[in-house]
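Open your viewer and keep the sequence panel beside it.

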Amino acid sequence: MTVVIGFEGSANKIGVGIVRDGEVLSNPRRTYVTPPGQGFLPSETARHHRAVILTVLQEALDEAAITPADIDCVAYTKGPGMGAPLVTVALVARTVAQLWGKPLLGVNHCIGHIEMGRLITHASDPTVLYVSGGNTQVIAYSERRYRIFGETIDIAVGNCLDRFARVLKISNDPSPGYNIEQMAKKGTQYIELPYAVKGMDVSFSGILSYVEEAAHKMLDSGNCTAEDLCFSLQETLFSMLVEITERAMAHCGSQEVLIVGGVGCNLRLQEMMDAMCKERGAKLFATDERFCIDNGAMIAQAGWEMFRSGHVTKMPDSWITQRYRTDEVEVTWRD
């Protein structure tokens, strides 16, 4: 049996997960939460990660009931992500790999999400919608690569939601996206917002700019509530994502959709995607916050797949890459 430990810390989540042949043995994590109206800066996020990463590592080992001697490979998030947090995690992963005498493996964060989704849901060959705070992509596997069929041309959908939350001073605990989702359930009025689909790509910066400028005017005038704005923003953003996902499915002849990434645990997005899938006779695969939100087990699972197919990262090559494209990685563990 192959046991891989994975370190994730590309944004405001720090996680350490351990996977053994498709079984998640442990997956503890911590979240850096900032006050309402504020985002998280790379330096402060890295400081948070440094303060708790060894505690989370010990929790992962204890929960899995294994010792370093039982581990076959140490995987870490190479990118994409925020520079300072990525470096923090990479340094710890490099250190423990050398202390324990284990091979090291740099993992693409996006592929970690995909492989975790495939493991948990048992989707065989899905069209993947990857939606998070830093990424928005429609992906499908073809000829040893995860090909990007469409993506955001500016900001990610999660970043759009986070920045909208700052405008309305919505709490960041447990996450701005989650709190927007709860408020949206109470919205009763749809306010028309800019809808920007450009072929297979989407654009969210114009919607955000519009809402940033108009939100307080609309609220002050009494024409709508904050809940209405949350509802309207979700409906608009998610409709765009469903549209480009369906177009990719048609192109690929796919009958499966897998939603991954932090925004992927939004139940309204899952509901809208499921309605589209049923109309096409297709099937939706999605998970909850345990595996959608950044976690160490997803890095361990991708590392497990890569390690078993012969991948290893040499120590001089174990740097981080803030801009690390999903389609740069040769997928040698499929087909």
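**Stop 1: a loop with a proline**

Select P80, which sits in the loop between β5 (73-79) and α2 (83-100). Helices (H or I, at least four residues) and strands (E, at least two) are DSSP runs, numbered from the N terminus. A cis peptide bond links G79 to P80, with omega about -5°.

Before moving on, note what you are viewing. This is a predicted model, in which local features need pLDDT of at least 70 and side-chain atom pairs count only at pLDDT 80 or more, while totals for chains, interfaces and linings use all residues. Residues are numbered from 1 along each chain as its sequence is written, and side-chain values use heavy atoms, with hydrogens and water left out.

**Stop 2: another cis bond**

Go to P174. The loop between α4 (157-167) and α5 (176-184) holds P174. Show D173 as well. The peptide bond from D173 to P174 is cis, and its omega is near 0°.

**Stop 3: positive phi**

Pick D21, in the loop between β2 (13-20) and β3 (23-26). D21 is not a glycine, yet its phi is positive, near 45°. Is D21 buried, partly exposed or exposed? Buried means under 20% relative accessible area, exposed over 50%, and partly exposed in between (1.4 Å probe, protein chains only). D21 is partly exposed, because its relative accessible area is 32%.

Look for E143 in the loop between β8 (136-142) and β9 (145-151). E143 has a positive phi of about 50°, although it is not a glycine. Its relative accessibility is 66%, so E143 counts as exposed.

**Stop 4: inside a helix**

Select Q301 in helix α10 (residues 296-308). Q301 has 2% relative accessibility, so it counts as buried. Which residues does Q301 contact, leaving aside its neighbours within four places in sequence? Contact means heavy atoms within 4.5 Å. Show V19, G22, E115, M116 and L119: these are in contact with Q301.

**Stop 5: two domains**

Colour the domains separately. Domain 1 is 3-114 + 291-328, and domain 2 is 125-288, according to the domain assignment of the protein. Such bounds come from an automatic or database domain assignment. Taken over C-alpha atoms, the centres of domain 1 and domain 2 are 26 Å apart. The contact involves 21 residues from domain 1 and 25 residues from domain 2.

How much area is buried between domain 1 and domain 2? Buried area is the accessible area (1.4 Å probe) that two parts lose on being put together, summed over both. Here it is about 1900 Å², and carbon and sulfur atoms give 60% of that. Select I114, C292 and D327: within domain 1 they lose the most area to domain 2, together 32% of what that side buries.

**Stop 6: across the interface**

Find R325 and E151. They form a salt bridge, with the closest N and O atoms 2.8 Å apart. A salt bridge is a side-chain nitrogen of Lys or Arg within 4 Å of a carboxyl oxygen of Asp or Glu. The rule finds one salt bridge across the interface of domain 1 and domain 2.

Finish with the helices. On the side of domain 1 that touches domain 2, α3 (109-121) and α9 (289-292) each supply at least two residues. The largest share of that side, five residues, comes from α3.
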